[in-house]
Amino acid sequence: MKPLRKAVLPVAGLGTRFLPATKQMPKEMLPVVDKPLIQYAVEEARAAGIEQFCFVTGRGKTMLVEQFDVAYELERTLAERNKQKELAALQAQALPPGSIVSTRQQVPLGLGHAIWCARHFVQDDPFAIMLPDDLMLCETSCMKQLADAYEATGGNVVAIEEVPMEHVSRYGVIAPGATKGNLVEVTGLVEKPPADKAPSNLTVIGRYVLMPQVMAYLSKMEKGAGGEIQLTDSMAKLIGTQPFHGVRYEGRRFDCGDKAGYLEAQVAFALAREDMAPAMRTIIKKYA
């Protein structure tokens, strides 16, 4: 079994729900407290032992790669001004040379198409998929929880959570099989089903570990829900040929593609930090 060392981050979206803020700035650069969403995702992956990253980008999104580049002038200025704390924070986020590559998704044909664009990066290796819009607050990195499940099962793994039945039409939904601890066997997958046809209320969130064979199905460019090439449809075709499990992850997810979810994330992440919690509690009391 190959180790999990690669991650694909599909970041080509336009961020229309956050206009006008995202007119020039990628939505993945929106900060939660003092770090952009893209950095949270990369740090989560690194905590799981992932070393190589592929950003599937679109036009005007070079800022995402530059976030992890060395800013010589800025670092020199911080050093000259003896701002060691700020300098250390910048240097801690730096990645080794060659750790990040990017490729373009020229046409927005869906998540499945975005992942297919990274096929040459993936090659024959298992790989993680991370959607930065889903911001995770976990004691153990959510991706580390999935990486551990991959090592235990040797197959495909997705993070899952329960939602009210009236919300299942927004997600990919699993048909559950045998359950062992936090692992749930996946016997079927369907993308955005109506509530009366959903196999369960266990939904897939934006964290996956997939085998490279999924690329063969994605390459067929078959359109699914919404007329897009759905990742869920190709994942479903792996069921029965490879181990496939859902992980009931421990932690909390914040949907930062939604304004209300993004605002809640600001509160939760500030309260989780010793340096910010007192100020956030004071603010909450002021507006309660």
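Residues are numbered from 1 along each chain as its sequence is written, and side-chain values use heavy atoms, with hydrogens and water left out. Because the model is predicted, local features need pLDDT of at least 70 and side-chain atom pairs count only at pLDDT 80 or more, while totals for chains, interfaces and linings use all residues.

A salt bridge was defined as a side-chain nitrogen of Lys or Arg within 4 Å of a carboxyl oxygen of Asp or Glu. By this rule, the count is 16 salt bridges. Helices (H or I, at least four residues) and strands (E, at least two) are DSSP runs, numbered from the N terminus. Residues were classed by relative accessible area as buried (under 20%), exposed (over 50%) or partly exposed (in between), with a 1.4 Å probe and protein chains only.

Asp134 is buried at 9% relative accessible area. Arg253 is also buried, at 19%.

Lys237 and Glu222 form another side-chain salt bridge, at 2.5 Å from N to O. Lys237 lies in the loop between helix H9 (231-236) and strand E12 (244-248), and Glu222 in the loop between helix H8 (214-218) and H9, so the pair ties together parts 15 residues apart in sequence. Lys237 is partly exposed at 33%. Glu222 is partly exposed at 42%.

Arg252 pairs with Glu264 in a salt bridge, with the closest N and O atoms 3.1 Å apart. Arg252 sits in strand E13 and Glu264 in helix H10 (residues 259-271), so parts twelve residues apart in sequence are tied together. Both residues are partly exposed, Arg252 at 43% and Glu264 at 41%.

Salt bridges with shared partners join Lys2, Lys6 and Asp125 into one network. Lys6 is located in strand E1 (residues 6-10). Lys6 is buried, with a relative accessible area of 7%. Its side chain reaches the backbone oxygen of Phe121 at 2.7 Å. A polar atom of the Lys6 side chain also lies 3.3 Å from the backbone oxygen of Val122. With contact taken as heavy atoms within 4.5 Å, and residues up to four places away in sequence not counted, Lys6 touches residues including Ile50, Gln52, Asp125 and Phe127.

How values were computed
A polar contact is a pair of N or O atoms within 3.5 Å; within protein, one must be able to donate a hydrogen and the other to accept it, and residues adjacent in sequence count only if both atoms are side-chain atoms.
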